Amino acid sequence: MSSTTTQTQAITAENIRRLFPEIDTLLANAATSSELDGYDEEQVRLMDEVCIVLDENDIPIGSASKKMCHLMKNIDLGLLHRAFSVFLFDSNKRLLLQQRADEKITFPSMWTNTCCSHPLGIPGETGANLEAATQGVRRAAQRKLGQELGIPGHQVPPENFKFLTRIHYKAPSDGLWGEHEIDYILFIQAEVDLEINPNEAQDYKYVTADELKKMFEDKSLSFTPWFKLICDTMLFEWWENFDNLDKYLNETQIRRM
């Protein structure tokens, strides 16, 4: 991982179209991109989804394809998008983890939190202010929990997601792809039915805090950078205070990491 505060140009509404002329035109079509040759067909299709492009204060200033937002050449110029990370706990306060499928284009095969994805530039998932944006990511979280893990929507209604904070981070996946996101952290406690989409996740497990710490000690396992970052800084404190989360909810300041 590298800091978002070094070697990254601040993106504003004034300079974004000069730096990225494809913004809002979606000319960088994933289906015809040589950069995606050899990848899984379904994952390539998902690269055409429209992400919400942000300035450093989480204000939407455009939209661009998932592919365009995840190319390191664009990330290194400062291109930033909105994301979310769901932490789903069962009635015993065990956290549901997933291991990303080998087919994933970014961070394949790594263990991570329950669901990590992006609200899209579609009605219901966008939002310019924090309240509207949080509602958008809650709806997106419900959608992606269904798409990735087969969780029925009625088991994870948007109003049941608790918003804690936002983290701004940057992380390379390999020389070509990476992440640069303002990531909304969502907690939810629910008993859910799972029907795992093998194109998204190859394994899953529920863990206690101690079991997760033991997983981190296992050198044979790898973890997504955002998940490890959240665990190293905040997760275990939140987990320990699971029944008294109110003091941690709805943080307005963006945590820069």
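Tutor: Before we start, a polar contact here is a pair of N or O atoms within 3.5 Å; within protein, one must be able to donate a hydrogen and the other to accept it, and residues adjacent in sequence count only if both atoms are side-chain atoms. This is a predicted model, where local features need pLDDT of at least 70 and side-chain atom pairs count only at pLDDT 80 or more, while totals for chains, interfaces and linings use all residues. Residues are numbered from 1 along each chain as its sequence is written, and side-chain values use heavy atoms, with hydrogens and water left out.

Student: Thanks! With which side chain does the side chain of lysine 104 make a polar contact?

Tutor: Lysine 104 sits in the loop between S4 and S5; strands (E, at least two residues) and helices (H or I, at least four) are DSSP runs, numbered from the N terminus. Lysine 104 touches Gln43, Glu148, Asn199 and Glu200, leaving out residues up to four places away in sequence, with contact meaning heavy atoms within 4.5 Å. The polar contact of its side chain, at 2.7 Å, is with the side chain of glutamate 200.

Student: Is lysine 104 buried or exposed?

Tutor: Buried means under 20% relative accessible area, exposed over 50% and partly exposed in between (1.4 Å probe, protein chains only). Lysine 104 has 8% relative accessibility, so the residue counts as buried.

Student: Where on helix H6 do its buried residues lie?

Tutor: In H6 (residues 209-217), the buried residues are Leu212, Met215 and Phe216. Seen down the helix axis, they fall within an arc of 100° (taken from the directions from the axis to the C-beta atoms). Asp210, Lys214 and Glu217 are exposed on the other side. The buried residues of H6 therefore line one face of the helix.

Student: How many bridges join S3 to S8?

Tutor: Two strands pair if DSSP finds at least two bridges between them. S3 and S8 run parallel, with alanine 83 opposite aspartate 183. The number of bridges joining S3 to S8 is nine.
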